[in-house]
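The entries below follow the order in which I looked things up.

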Amino acid sequence: ATVFLEFWKRRRAVLTYDWDLIDWEDEEEELRPQFEAKYSQVERVNPITGKPEPFQPFPDKLSRLMVSVSGIFFMISLVLTAVFAVVVYRLVAMEQFASFKWYFIKKYWQFATSGTGVCINFMIIMSLNVVYEKVAYLLTDLEHPRTESEWENSFALKMFLFQFVNLNSSIFYIAFFLGRFAGRPGKYNKLFNRWRLEECHPSGCLIDLCLQMGVIMVLKQMWNNFMELGYPLLQNWWSRRKMRRRGQSMENKISLPQWEKDWNLQPMNLHGLMDEYLEMVLQFGFTTIFVAAFPLAPLLALLNNIIEIRLDAYKFVTQWRRPMPARATDIGIWYGILEGIGVLAVITNAFVIAITSDYIPRFVYAYKYGPCTDQGYRQEKCLKGYVNSSLSVFDLSELGMGYSGYCRYRDYRAPPWSSTPYEFTLQFWHVLAARLAFIIVFEHLVFGIKSFIAYLIPDMPKDLCDRMRREKYLVQEMMYEAELEHLQRERKKNGKQYHHEWP
């Protein structure tokens with residue numbers, strides 16, 4: 001992620017130079033008409049232009065910002081409520097699938113529960129996305145931003161927060177909360193004293209996390225591609241159909257000038273490339289935040305982007321009207337969002353490796369409890385007996401249902417015949433301490449590597465720096481020569497003798 005962002009800085013510098021925008025800054029932007037209409041009665045002198053202009057008092061700005069932030073938190077809580085509803089569905093479905101008459105479903109009830117839960121979650125995500133866009137518009141307009149760029153940055157940040165939480169809340173639940181509070185045999189925790197809390201698959205929570213990410217990422221990309229190309233195609237087909245209904249024959253249609261044919265195409269989105277940026281930023285999050293759990297994500301993103309480039313080219317050329325150009329030196333607030341995702345990716349991958357995967361328990365067993373204790377690590381030989389060590393014992397007779405014998409379950413708890421039955425063992429605390437230590441070491445190490453890489457890669461290519469310095473030198477030479485020529489003309493005009501002295 002860091003290398004990508006650093007090389008994007010270099011590419012941005014080249015593009016900015018090629019389009020002669022190095023020294024270009026947004027001139028004093030015109031105020032939004034809504035802002036002028038709202039605050040036309042309150043004026044202050046602009047320190048740049050020296051002219052009076054509408055002014056938004058700080059208490060009014062703060063109160064509107066607080067209302068907007070409250071709306072954002074309300075929508076995020078709505079997302080968490082939807083995730084809780086999916087969790088309740090999984091608990092109910094788990095019980096139903098486990099007692100299903102069809103043997104195939106009964107045998108693979110955990111995969112059936114996860115698969116149907118992911119599909120329902122995806123439908124909820126796409127439904128809420130429609131609501132989020134309208135709410136983001138409403139909250140942004142409520143703030144009354146002063147200029148158009150401020151409005152776009154505020155709207156982009158809200159849309160990203162809404163969509164990011166909407167897409168990733170269920171993934172965070174599976175990665176860090178699923179199966180953590182399920183309890184143990186004989187003392188399971190239940191929701192509403194009715195449904196037992198869900199546990200991970202016997203192979204671990206990483207399988208559930210991989211399934212959740214794979215299904216959401218693939219379905220999201222397919223849906224986005226359809227909406228970007230299929231929807232304009234349907235709209236253009238419908239507009240052509242309405243024209244034929246009005247009595248315009250194909251001959252007349254062919255004879256129309258090109259600009260009139262282009263007018264019948266679909267207009268670009270009101271907020272420009274907002275949707276395109278948002279899609280790429282969310283995809284960047286998928287390929288970095290949980291890449292340790294789903295290493296296939298970058299490949300899927302690459303394949304999708306190869307297709308996306310051609311679909312966008314076809315869409316811009318044949319289905320959309322030509323968009324209005326606008327100058328820009330960078331991608332605005334999106335770069336800051338990408339840097340924030342890069343930092344979050346380090347933290348989440350540290351937690352995924354330490355908490356969700358079995359890497360740390362295997363590591364602790366190999367060095368502390370395995371056959372290679374105090375002898376050094378010797379590949380798979382040191383993990384002999386790991387599965388047995390990771391399973392605890394439960395006495396079935398404690399259920400009071402006539403069963404006898406013992407069963408095994410994943411946990412580090414004392415056996416029923418010990419002095420402290422079913423309490424956490426010393427190995428549990430060793431694993432927990434190793435996980436926390438790994439998170440701290442991993443984060444500091446990777447953040448250090450990120451900073452080192454960012455330091456090594458200059459923000460501007462060397463040849464571009466040389467060209468800019470050469471250009472600056474030539475400009476100074478031209479200014480010097482012009483000033484010298486001007487002084488010589490002035491001296492001749494005034495009748496002064498010109499001696500080749502320094503001007």
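I took helices (H or I, at least four residues) and strands (E, at least two) as DSSP runs, numbered from the N terminus. The model is predicted, so I noted that local features need pLDDT of at least 70, that side-chain atom pairs count only at pLDDT 80 or more, and that totals for chains, interfaces and linings use all residues. Residues are numbered from 1 along each chain as its sequence is written, and side-chain values use heavy atoms, with hydrogens and water left out.

Entry 1: annotated segments. I looked up the UniProt annotation "transmembrane region" (unreviewed entry), which covers residues 65-88, 108-132, 160-183, 280-303, 331-355 and 432-457. UniProt positions are given in the numbering used here, feature names are shortened, and annotations may be inferred rather than shown by experiment. I found residues 108-132 to be 96% helix and 0% strand, with end C-alpha atoms 36 Å apart. For residues 65-88 I noted 100% helix, 0% strand and 35 Å between the end C-alpha atoms.

Entry 2: domains. I recorded domain 1 (31-199), domain 2 (379-431) and domain 3 (462-502), with bounds from an automatic or database domain assignment. The centres of domain 1 and domain 2, taken over C-alpha atoms, lie 40 Å apart.

Entry 3: H10 and H12. I found that the axes of H10 (residues 274-289) and H12 (residues 333-356) come within 9 Å and cross at roughly 20 degrees. Axes are lines fitted to C-alpha atoms, for helices over the stretch in contact, and angles run from 0 to 180 degrees between N-to-C directions. H10 and H12 are therefore roughly parallel to each other (angles under 35 degrees). Their crossing is right-handed, meaning that the near helix is turned clockwise from the far one by less than a right angle. The contact (heavy atoms within 4.5 Å) includes Tyr 277 and Phe 284 of H10 and Trp 334 and Asn 349 of H12. Ala, Val, Leu, Ile, Met, Phe, Trp, Tyr, Cys and Pro count as nonpolar, Asp, Glu, Lys and Arg as charged, and the others, Gly among them, as polar.

Entry 4: H1 and its partners. H1 (residues 2-18) packs with H16 (residues 462-493) at about 30 degrees, with axes 11 Å apart. Ala 13, Val 14 and Tyr 17 of H1 make this contact with Leu 464, Arg 467, Met 468 and Glu 471 of H16. I recorded five nonpolar, no polar and two charged residues there. With H15 (residues 426-456), H1 packs at about 20 degrees, the axes being 10 Å apart.

Notes:
Parallel < 35°, antiparallel > 145°, perpendicular 65-115°, else oblique.
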